[in-house]
Amino acid sequence: MSAKGLPEGASDPFHTFGRGISKFLVRPAFRVRVHGAERIPTSGPVVFMANHSSMTEPALLFGMLSRRTAFLVKAELFKGFVGWFFPKLGQIPVKRGAVDRKPLMAAVKVLEDGGAVGIFPEGTRGLGDAENFERGVAFLVRAGNATVVPVATRGTYKPAGAKRRWRPRVDIMVGEPFTPEIGKGRTGLEEGTERLRIALADLVKALDEWRLEHGLQDTRQNVK
């Protein structure tokens, strides 16, 4: 029997254990400040869409978000012990660049149960500016009738050749929840995807400006 609000095969104890690792082992490696955590809806279907600069964001957000969240994670990581452990946590494997409705439908089921799903719609790590989006996030919002919560993270990107800093400053900004209307068909998905991309890009820009105002000049560096 599946854990309430998590994908098939997930375990409540394992999910709680994984969130504990994020909170008490991953977070202390950074100086993390969360802005706007009170904006997260306490119930109902939610899609968290976040920018992606490094492997640090998934590890941090898994424990930092107040809602239990099933994240869509690249399938390449589901190997060996991790391939057994991640599904227990409630992680959903997704193949990049492949047309595969199975992971999306698993995520839709979570939303239909009133749960939360996390997705990095840029599709791959980069500068985290939300310049390009995959259509999966718009599909989830439409199919799951979900509220969207944008989440921006800065301070995790390490430029090539840069040295790792001791406990770098990382800022996580939670945006205002909104419920966009995604039109029917492919056109509806494409138009909805662009609206969602702009919402996240604007939040990332707002966080960059906040960091600049507070003397954090380099907004995209620090760790791998």
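User: Two strands count as paired if DSSP finds at least two bridges between them. What makes β2 and β6 a pair in this predicted model?

Analyst: Happy to walk through that. The cut-off is at least two bridges, and 5 bridges join β2 (residues 46-50) to β6 (residues 147-154), so the two strands pair. They run parallel. Within this region, Ala 50 stands opposite Val 151 in β6.

User: Which order do the strands of the sheet follow?

Analyst: The order is β1-β7-β6-β2-β5-β3-β4, in an open sheet of 7 strands with mixed pairing.

User: Why do β1 and β4 stand at the edges?

Analyst: β1 (31-35) and β4 (92-94) each have a single partner strand, so one side of each is left without a neighbour in the sheet. From one strand to the next, the twist averages 20°.

User: What lies across β1, β2, β6 and β7?

Analyst: That is helix α6, residues 185-213, which runs at about 35° to β6. The protein has 6 helices and 7 strands, arranged from the N terminus as α-β-β-α-β-α-β-α-β-α-β-β-α.

User: What share of the residues is called buried?

Analyst: Buried means under 20% relative accessible area, and 50% of the 224 residues count as such. The accessible surface comes to about 11,300 Å², and carbon and sulfur atoms hold 55% of that surface.

User: How do you know where the predictor's confidence is under 50?

Analyst: Look at pLDDT: the value stays under 50 over residues 219-224. For the protein, the mean pLDDT is 87, with 89% of residues at 70 or more.

Note on methods: Residues are numbered from 1 along each chain as its sequence is written. This is a predicted model: local features need pLDDT of at least 70, side-chain atom pairs count only at pLDDT 80 or more; totals for chains, interfaces and linings use all residues. Side-chain values use heavy atoms; hydrogens and water are left out. pLDDT is the predictor's confidence in each residue, from 0 to 100. Contact means heavy atoms within 4.5 Å. Helices (H or I, at least four residues) and strands (E, at least two) are DSSP runs, numbered from the N terminus. Buried means under 20% relative accessible area, exposed over 50%, partly exposed in between (1.4 Å probe, protein chains only). Accessible areas come from the Shrake-Rupley method with a 1.4 Å probe; for residues, only the protein chains shown count as cover. Axes are lines fitted to C-alpha atoms, for helices over the stretch in contact, and angles run from 0 to 180 degrees between N-to-C directions.
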